[in-house]
Amino acid sequence: MSDLIEIDDIKRTFRVRRGMFTPAATLNAVAGVSLAVRKGEVLGIVGESGCGKSTLARMILGLLPTTSGAIRIGGRDIRQVPRRELARRMQPVFQDPYSSLNPRRRICDIVRLPLDVQGNGTRDERRAQAIAALDKVGLPARYADNFPSQLSGGQRQRVAIARALVTEPEIVVCDEPTSALDVSVQSQILNLLMDLRRDRGLTYVFISHNLAVVEHLATRVAVMYLGRVVELAPTAEIFASPKHPYTQALLASVLTPMPGLGIPDAGLGSQSPDPLNVPAGCPFHPRCPKAFDRCRTTVPHITTLGAATVACHLAENARPVQPAIA
Amino acid sequence: MMDTGIATPAPAAVEIALPKPPSVARRMFGHPGLVIGLALLGLCVAMAVLAPLIAPYDPYTQNLDARLIPPVWLEKGSWAHPLGTDNLGRDYFSRTLYGARISLLIGLSVMLISGIIGTTLGLVAGYFGGRVDLVVNFIITARLAMPVVLVALAVVAMIGGSLLVVILTLGLLKWDRFAVVMRSATMQVRSLDYVAAAEAAGASRLRVLAGEILPNVFPHLIVVATVEAGSAILLEAALSFLGLGVQPPLPSWGLMIAEAKNFMFFSFWLIAIPGTALAALVLGINLVGDGLRDVFAPEGRA
Amino acid sequence: MSGTALTPRRKASLLEVKGLTVDIRTPSGPLQAVRDISFEVDRGETVCLVGESGCGKSITSLAIMGLLPRSATCRAERLAFDGIDLTTIDRHRRNDLRGNRMAMIFQEPMTALNPAWTIGEQLIEVHRRHIGKGDKVARARAVDLLAKVGIASPAERLGQYPHQLSGGLRQRVMIAMALMCEPELLVADEPTTALDVTIQAQILRLLADIRRDLGIALLLITHDLGVVARIADRVNVMYAGAIVESATAAELFAAPRHPYTQGLLACLPRPGVTMAGDRLGTIPGVVPSLVGGITGCAFRSRCGHAVPACAAPVPARTASPTHTFTCVHAHVGEREPA
């Protein structure tokens, strides 16, 4: 199984100014993530606010530099890869259909932009390719000269997908692509993404907070909390038997549409994770129902338990400590 | 590229849910402020452009026999000089017409010079952030610490006043609002996803600035440009009034007011006419600016 | 004119909505955001209004609370809270009810609290306005309620400003604020949509507990069918400004009768029900424009079972004493129980 992207212990911090007399705070958005994205898979990344998944997505795309650590694509550091080549191999689809399209450009021009940047062929050829891409996502050619304000949210997201595919990339990084859409539109877009992946052999990095969607789409899932990956496993395994207490709480909190089950109590405190104040030791320990002494002082290593890799002292206790490559 | 088509049925026969908004032209003519502003501005432009054709007299020709003749609607006025004459017998209608040229020239050129300087600084500061932003902020703060009128006075005192000096001085000083507004508008747009998408598509920085950011901060630019144009016109009038701007015998409206101040009580039209013209022009410019912003706003919004 | 017709307390619903219609002026013409809807909320009951964007559920809640924008006009055959007619009520009487006997919480915790005032001041203000027993009493109640909604060190929180709290905490403060005067009806417009999954579960638990302990009726507006399933007693499904199906939660999920409801349920990826990698159900098309009104069934442009008769006014059908829906067909593809 070839690794398309290697993410090697990347960190990202931001300095947050807090007024003239308070020293600046450090926001640890991503605090040491190591992952690999394998060809043909759908890597789901889930987590709640403050976990750093969007920052991670931007770093993978090369839009945000890492504070430390490296990201390699096809063996080469992405800082060494020229922008245009990177754009040919990897493209994004963002969450908000209302801000991901330039409101002053026509649809066809928006989809054509990546091709214009590559500079291949004549303008008419590129326009034809853009219209073909729109057709593939289910938007007829008559939309090509409209402006985004004339399209619905679902249609705009289709445009965003068409734009992502027009350079025929291998990898598409989807940052919550359906979270801003209605349920009925969401299913259309998810079906579209699944079909495109099958037809073109795409690899997805799929970021979402919606666990039902991730379970449906992803082949492997990484769970993030306060800048770290706390659990990484194949989808079936992580949903059937989550190992990390946070994953367990997260899955327990999902409200499936089945009446009569009441509202779950995941046993977490009412504290919210704050990336400006990451607790010492395991970042999850203040809310963890299973925390013990070591959790307060030591950051857990990554342990392999079956097909899963977990960052938890409980998992460590189950097996000897062993560095694992995700 | 030649793929099998995907299986999802295209929503082909479905109407667009959003009703078509009224077209830009409709919106423009439905906006009373914009229409009035365009009328006023158009009138001034017409005056300026057609001055050589319509002006009955040369604005510099003095006629000491025909001094201080009132305009035609007062007693003792005549159609020979429909807006009267000034204290040197120069026809006021002709002077007013040619004065429009000076005011518009000043407004336009200062707007262009300061606009280019300020917008560039603002775009760069907003896009790059970090140290670049700090440097630009410092430059803006330094500029804001300087009182424009005093600096203009000092410059004129050193080099002497003239149309060119006024234009250059004002142009090189009045870019601060452009910079501040463009910087914050750029910062807002910069954080939007379509900019990130363009960067992810490999677009160069220049392409992103020109193609993605500039068209979307344009409405803000228009508003500031009109405000600054109006303000430049008024500033020039003030400087000329003080004797430090345009020099006589050029028919700048500000200078005409200055020359008329001695005759204010008995020949009030000497002040009223250029004053009204100035007010009308600046009002028109501001109305156009507000109107354009209103008309383009819904399109700019998602 | 007396704004309150003091009818004798019937054992009728706390909130009666009958024939509610809301029109909104837009540059493109009048838009019928809510078209002749009717439903009731009994004391102590949780009723959900569920639907996607543009279905009119939020506008309905604003109409009930009297918070519609100026461009909207509202008329109803009957809109009554505890027998008090809300359409003819005068402004002062309306203000006496709001915050006092009927309270509302909103979706965005970031903007729902005034950033310029402390939490304490905002909580006390409500109490002062309606109960008026002095600030000490109000303070004590505020502390009590903050503790009840699960906020640690409530007395210190009173002096904090909204920006010092996280989203989940702010939502709890909003709930506390709504409860200050012991309302009988709580209207919640998407109260957990902007929150994380784990916090959402906690807030919903809180609402359910409050409802149980204080006997408050809850009108919950949401688009999330999972929330509806877990918390609702009765559900009204809205589409394009009309209620297309009304049932108990159990009935709705077991045997939805309206094609839209069925379609909506088929769209959801359900762990254990839909197989991973399978195609999800879809509802093709988009919601029709509501400008200029709609005749007949608004869903027919997207419905797989549409017939020409759908263009005429649609009959209301009854599947059970508590289950009604509006459809031309009496039986449409009934699903097996989920």
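In this predicted model, chain C meets chain A through 42 residues of its own, which contact 38 residues of chain A. Four helices of chain C each give two or more residues to this side: α8 (197-214), α9 (225-231), α10 (249-254) and α11 (259-267). The largest share comes from α8(C), with seven residues. By class, the side of chain C that touches chain A holds 23 nonpolar, 13 polar and six charged residues.

Chain C also contains an open sheet of eight strands. Their order is β7-β8-β9-β3-β10-β11-β13-β12, and the pairing is mixed. At the edges lie β7 (102-105) and β12 (316-320) of chain C, each of which pairs on one side only. Ignoring direction, neighbouring strands are turned against each other by 20 degrees on average.

One pairing within chain C joins β10 (residues 234-239) to β11 (residues 242-248). These two strands are antiparallel and share six bridges. Within this region, C:Val237 has C:Glu245 of β11(C) as its bridge partner.

Helices pack on the sheet. Helix α7 (residues 167-179) of chain C lies across β7 and β8 of chain C. This helix runs at about 170 degrees to β7(C).

In chain A, two helices cross. The axes of α3 (residues 107-118) and α4 (residues 123-136) of chain A come within 9 Å, at an angle of roughly 120 degrees. Because of that angle, α3(A) is oblique to α4(A). The crossing is right-handed. From α3(A), the contact involves A:Cys108, A:Val111, A:Arg112, A:Leu115 and A:Asp116. They meet residues of α4(A), among them A:Arg126, A:Gln129, A:Ile131 and A:Leu134. Seven residues of this contact between α3(A) and α4(A) are nonpolar, one is polar and four are charged.

Confidence was examined for chain B. Its mean pLDDT is 83, and 89% of the residues score at least 70. Among the elements of chain B, helix α7 (residues 176-190) has the highest mean pLDDT, 94. Helix α1 (residues 24-29) of chain B has the lowest, 69. Over residues 1-17 of chain B, pLDDT is below 50. Beyond near neighbours in sequence, that stretch has 33 contacts in the model. Where pLDDT is low, the predicted coordinates should not be read in detail.

Methods:
Residues are numbered from 1 along each chain as its sequence is written. Chains are lettered from A and ligands numbered from 1 in the order in which they are written. This is a predicted model: local features need pLDDT of at least 70, side-chain atom pairs count only at pLDDT 80 or more; totals for chains, interfaces and linings use all residues. Two residues are in contact if their C-beta atoms, placed from the backbone, lie within 7 Å. Ala, Val, Leu, Ile, Met, Phe, Trp, Tyr, Cys and Pro count as nonpolar, Asp, Glu, Lys and Arg as charged, and the others, Gly among them, as polar. Two strands pair if DSSP finds at least two bridges between them. Axes are lines fitted to C-alpha atoms, for helices over the stretch in contact, and angles run from 0 to 180 degrees between N-to-C directions. pLDDT is the predictor's confidence in each residue, from 0 to 100. Angles under 35 degrees count as roughly parallel, over 145 as roughly antiparallel, 65 to 115 as roughly perpendicular and the rest as oblique. A crossing is left-handed if the near helix is turned anticlockwise from the far one by less than a right angle, and right-handed if clockwise.
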